Structures are given as structure tokens and as C-alpha cells.
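Please look over this model with a short report in hand. It covers the sheet, the cores, a few side chains and the confidence values.

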Amino acid sequence: MVTTKDGPIPLPNLFLQAKIHRQDFIDRLIPICRQHFPHIGEKNLRKISSWLYFCRGSTFAEGQIDFRKVKWFRIVTADDLIQKMRFLDSGYTLRIQDMDAIVDGLGLREYSFEDGSALVPASRRIRRPLVSRTTLIILLAIFGLFTIGIFIVVTFPGAKVAAANALQGLITLVGGWVHLVAQETVKKNSTPEDSQQAIIYLNRFRVAEGLLPIAYDGRAYSLALARAEDMADFKYLNYTNPQTGSSALALKRWHGFSENETLLETLYGQWTGYTPGIERQAIDAWITDSGNRQRLFFAQISGAIACSEGYCSYIGVRPAPTAVNETTNKTASLAAA
């Protein structure tokens with residue numbers, strides 16, 4: 001029996017529903033797994049849990065169900081949902097393409113909470129190989145020349161001096177090339193996929209607080225990345241560039257936003273440069289700060305986060321204000337940011 005603000009709810013009935021829904025979901029997920037991500041394995045998919053979520057303040061007596069035997073079932077409320085979600089360990093990680101396959105396989109579509117219309121999915125950036133075919137051919141040619149040089153040195157002892165000089169020059173050349181390639185391939189900025197994963201992570205906190213999840217916004221990602229790159233270039237952490245006066249408000253129309261759309265911005269910085277997972281680290285830092293937490297939990301319909309060389313910007317898109325209060329709301333929102 002679970003006691004909620006609407007009265008007690010019999011637990012056995014809820015437990016049976018959770019069991020049926022879990023098995024139905026697993027049965028529909030297994031064919032998708034076999035086709036798109038067989039490396040995870042059907043055994044791991046059966047670790048999927050089914051939780052019953054109740055509003056804040058709901059209670060239930062301990063001992064009604066032996067959770068040691070029924071590991072897939074839990075009862076959570078808004079008071080402890082975030083804490084329990086932080087300790088999830090399924091033993092595998094779903095990639096973006098895996099989640100896209102699940103969405104397509106289950107026939108899911110993303111809709112707006114405001115008007116019920118379907119949302120257009122964000123375009124995907126094509127991943128390029130780290131080493132091109134031309135580069136690979138050059139590497140093989142260098143390796144072949146090196147092998148020939150070793151053969152000459154071993155066969156003709158008098159050629160050691162000339163070979164040593166040639167080898168030193170070759171090492172210098174290769175070293176410069178490696179340094180150039182490293183500069184081009186080391187990741188410095190968030191990709192759209194990184195931003196989408198961060199929005200999914202942020203929505204966990206919003207849903208736990210009883211708020212609607214927000215959609216990923218490609219325009220917000222473009223603006224957030226521009227702001228992060230600007231902070232990285234000029235080495236500042238502020239809502240306005242102290243040298244050029246550039247800001248999210250000044251740049252919004254160049255990234256597809258109309259004048260009546262209200263934006264809010266939240267910033268984060270770390271001095272160790274870009275590191276994998278910095279987007280989540282920024283969200284964790286914002287959640288623990290009351291002012292930034294309030295910005296993340298404002299009424300918003302979409303948003304995105306982007307980082308560049310340790311500087312991060314979150315751009316949230318608030319619902320369009322009414323015609324009467326348009327100027328007032330826009331000014332107040334940007335002033336709060």
C-alpha cells in the first residue's frame with residue numbers, strides 16, 4: 001500500500017502492472033537489439049527495471065516487497081528519484097545511434113508539449129575518420145623508406161653517417177607532421193551529439209522536480225558554441241565580452257532566433273581545457289548553485305549546452321511572452337542571466 005496525497009493505492013495491483021509493462025517492453029526491445037546493437041546482449045537488456053513513481057511526500061511501509069529477490073522493481077518519489085538515478089549501473093552504455101534505433105523501432109515521435117505538433121529532429125554531423133587515405137599512404141611510404149634505410153646501413157657500413165643524418169631529418173619531418181595532425185584531431189568543442197546527451201541528462205533533474213522536459217534546440221547549440229568559443233578566444237567568463245561587448249542578446253538573431261523569443265544563459269568554466277563529459281560536469285555544478293539551478297528550472301521549451309576549451313554556455317529558450325509584456329519579460333530574463 002502506497003499512501004499519496006490522493007489517498008492509499010493498493011501495491012499488488014501496481015506491482016502487477018509494472019511487471020507486465022516491463023516484460024512487454026523487453027519483448028519489443030530484443031528484436032531491435034539483435035539488429036542494431038547485438039554487442040550489448042539480450043541478457044543485459046533483461047536488467048531493465050520498472051519503477052513506480054509517486055509525487056513528493058508519498059510514503060510506503062517497508063517490508064511489503066522483498067527487493068533482494070525482485071531487483072528490477074522499485075518505488076520512488078520526487079524526494080529520492082535523483083539520488084537513486086545517480087547510482088544506476090546497467091553494465092553497458094547506449095550510444096546515440098542505439099537510442100535512435102530504439103526510437104525508430106518502437107515508432108516513437110517527439111512532440112511539443114505546448115501545441116502537440118511534431119518536432120523536426122536535429123541534423124546529425126557526419127563523423128570523419130581521424131586519418132585520411134592520403135595520410136595513410138604517406139605513412140606507409142615513410143615506413144618503406146625507413147625499412148630500406150635500415151637495410152642499406154646493415155649492408156654497407158660506410159653509409160652509416162649519411163644514413164644517420166637522413167634519419168635525423170626524417171624524424172624532424174615526421175615529428176612536425178604528427179604535431180600538426182594532433183592539433184587538428186584533438187577535440188576542443190562540444191558536438192551536437194554531446195549537447196543532446198547533456199539535455200537528456202538535464203531533463204532527469206527537471207522531471208524529478210515535476211517540471212516538463214525540454215527539447216534540444218539546434219539554434220541554441222549554435223549560439224552556445226559561439227559564446228563558448230568567444231570566451232575561450234578572449235579568456236573571460238562573463239555574460240558580456242569586456243573587449244567587444246558581444247553577448248547572447250547581441251548574437252541571437254544571427255543564429256535563427258526572432259526578436260520576440262526570450263533567451264537565458266548560464267556559464268561554466270574550468271581551467272584544464274576541454275575534457276570528455278565536461279557538459280555533465282557543468283550541469284552538476286549549476287544544479288548545486290541556487291542561482292544557476294533556478295535558471296535551469298525556469299519555464300523553457302528548448303535549449304542546448306556547448307563547451308569550448310573549458311568554457312561552457314547553456315542557452316535556454318523560454319516561451320514567447322505576450323504582446324503586452326514582451327519588452328518587460330525579455331529585459332528581466334536577460335538581466336537575471
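Start in strand 9, where Tyr311 is the bridge partner of Gly269. This is a predicted model; local features need pLDDT of at least 70, side-chain atom pairs count only at pLDDT 80 or more, and totals for chains, interfaces and linings use all residues. Residues are numbered from 1 along each chain as its sequence is written, and side-chain values use heavy atoms, with hydrogens and water left out.

Four strands make an open sheet, in the order 6-8-9-7, with mixed pairing. Strand 6 (215–216) and strand 7 (262–269) are the edges; each has a single partner strand, so one side of each lacks a neighbour in the sheet. Strand 7 pairs with strand 9 (residues 311–318) in the antiparallel sense, over eight bridges. Strands pair if DSSP finds at least two bridges between them. Helices (H or I, at least four residues) and strands (E, at least two) are DSSP runs numbered from the N terminus.

Helix 8 (residues 218–234) lies across strands 6, 7, 8 (302–308) and 9, and runs at about 30° to strand 8. Axes are lines fitted to C-alpha atoms, for helices over the stretch in contact; angles run from 0 to 180 degrees between N-to-C directions.

**The cores.** The largest nonpolar core holds 33 residues. Ile283, Trp286, Leu296, Ile305, Tyr314 and Ile315 have the most contacts inside it. Helix 7 (192–208), helix 8, strand 7, helix 10 (278–287), strand 8 and strand 9 each give two or more residues to this core. Apart from it lies another core of twelve residues, among them Ile30, Phe37, Ile40 and Leu106. Such a core is a set of buried Ala, Val, Leu, Ile, Met, Phe, Trp, Tyr and Cys residues joined through side-chain atoms within 4.5 Å.

Ile305 touches, beyond four places in sequence, residues including Ser195, Tyr221, Glu279, Trp286 and Tyr314. Contact means heavy atoms within 4.5 Å. In helix 4 (residues 96–105), Ile96, Asp98, Ala101 and Ile102 are buried. Just after helix 4, Gly107 takes a positive phi of about 70°.

**Selected residues.** Buried means under 20% relative accessible area, exposed over 50%, partly exposed in between (1.4 Å probe, protein chains only).

| Residue | Relative accessibility | Class |
|---|---|---|
| Tyr201 | 10% | buried |
| Phe205 | 4% | buried |
| Asp217 | 8% | buried |
| Lys235 | 58% | exposed |
| Glu309 | 32% | partly exposed |

Tyr201 and Phe205 both sit in helix 7, four residues apart, about one turn. Their rings form an edge-to-face pair, 5.2 Å centre to centre with 90° between the planes. Rings of Phe, Tyr and Trp (its six-membered ring) pair if their centres lie within 6.5 Å; planes under 30 degrees apart count as stacked, over 60 as edge-to-face and the rest as tilted.

Asp217 lies in the loop between strand 6 and helix 8. Asp217 touches Phe257, Ser302, Gly303, Ala304 and Val317, leaving out residues up to four places away in sequence.

Most residues other than glycine have a negative phi. Lys235, in the loop between helix 8 and helix 9 (248–251), has a positive phi near 55°. Glu309, in the loop between strand 8 and strand 9, has a positive phi near 50°.

**Confidence.** Mean pLDDT, the predictor's confidence in each residue from 0 to 100, is 80 for the protein, and 77% of residues reach 70 or more. Among the elements, strand 8 has the highest mean (97) and helix 12 (residues 326–336) the lowest (45). Over residues 324–337, pLDDT stays under 50.
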